[in-house]
Amino acid sequence: MSTQKVRDYLKKFNLEDRVMEFDVSSATVELAAEAVGVEPARIAKSMSFKNDEGAVLVVTAGDTKIDNRKFKDFFHKKATMLSAEEALKFTGYAVGGVCPFDNPEGLPVYLDVSMKRFETVFPAAGTANSAVKLTCEELEKTSKAIQWIDVCKGWEN
């Protein structure tokens, strides 16, 4: 998949000009934060997990960890991440570039409340050297998120 696919998708929302591509990797939270020039917490991690239908995508702030109890209470399943091959199959993007945009039909996307403390966040844009700057409202709209949920820990003081 390519950043151009994400750019084409975001054009429907007049946000295609927000896509950034880097000469360096942005495949991890730390690398993405460095490439964008923001604190790691503002990187929106798109994490893919197994569910009964195949997969679910949960987008969280970069400084969080999944809280297994909260995850199980909400999804009624243990938090089991997809393998790299499964992530590509179910999301349409390779690990390091998984993003919440223009995913295959039927992939549910949830947004974690940990991101709401920021005016803007930076999810990947389809490749391991890209990102896109969005408000939480724009992220909700463009990702077609089902809802905001609370399944993370480590970010509240």
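Which residues lie nearest the centre of the second largest pocket?

## Basis of the model

This is a predicted model, in which local features need pLDDT of at least 70 and side-chain atom pairs count only at pLDDT 80 or more, while totals for chains, interfaces and linings use all residues. Residues are numbered from 1 along each chain as its sequence is written, and side-chain values use heavy atoms, with hydrogens and water left out.

## Second largest pocket

Asn103, Pro104, Leu107, Ser143 and Lys144 lie nearest the centre of this pocket, which is lined by 15 residues. A pocket here is an open set of points on a 1 Å grid over the protein atoms alone, where a 1.4 Å probe fits, with protein on both sides within 12 Å along at least five of seven lines, and lining residues have an atom within 4 Å of a point.

## Helix H5

Helices are DSSP runs (H or I, at least four residues) and strands likewise (E, at least two), numbered from the N terminus. In helix H5, residues 136-143, the residues Cys136, Glu138, Leu139, Thr142 and Ser143 are buried, that is, under 20% relative accessible area with a 1.4 Å probe and protein chains only, where exposed means over 50%.

The buried residues pack against elements including helix H1 (3-11) and strand S3 (54-61), contact meaning heavy atoms within 4.5 Å. Just after H5, Lys144 takes a positive phi of about 55°.
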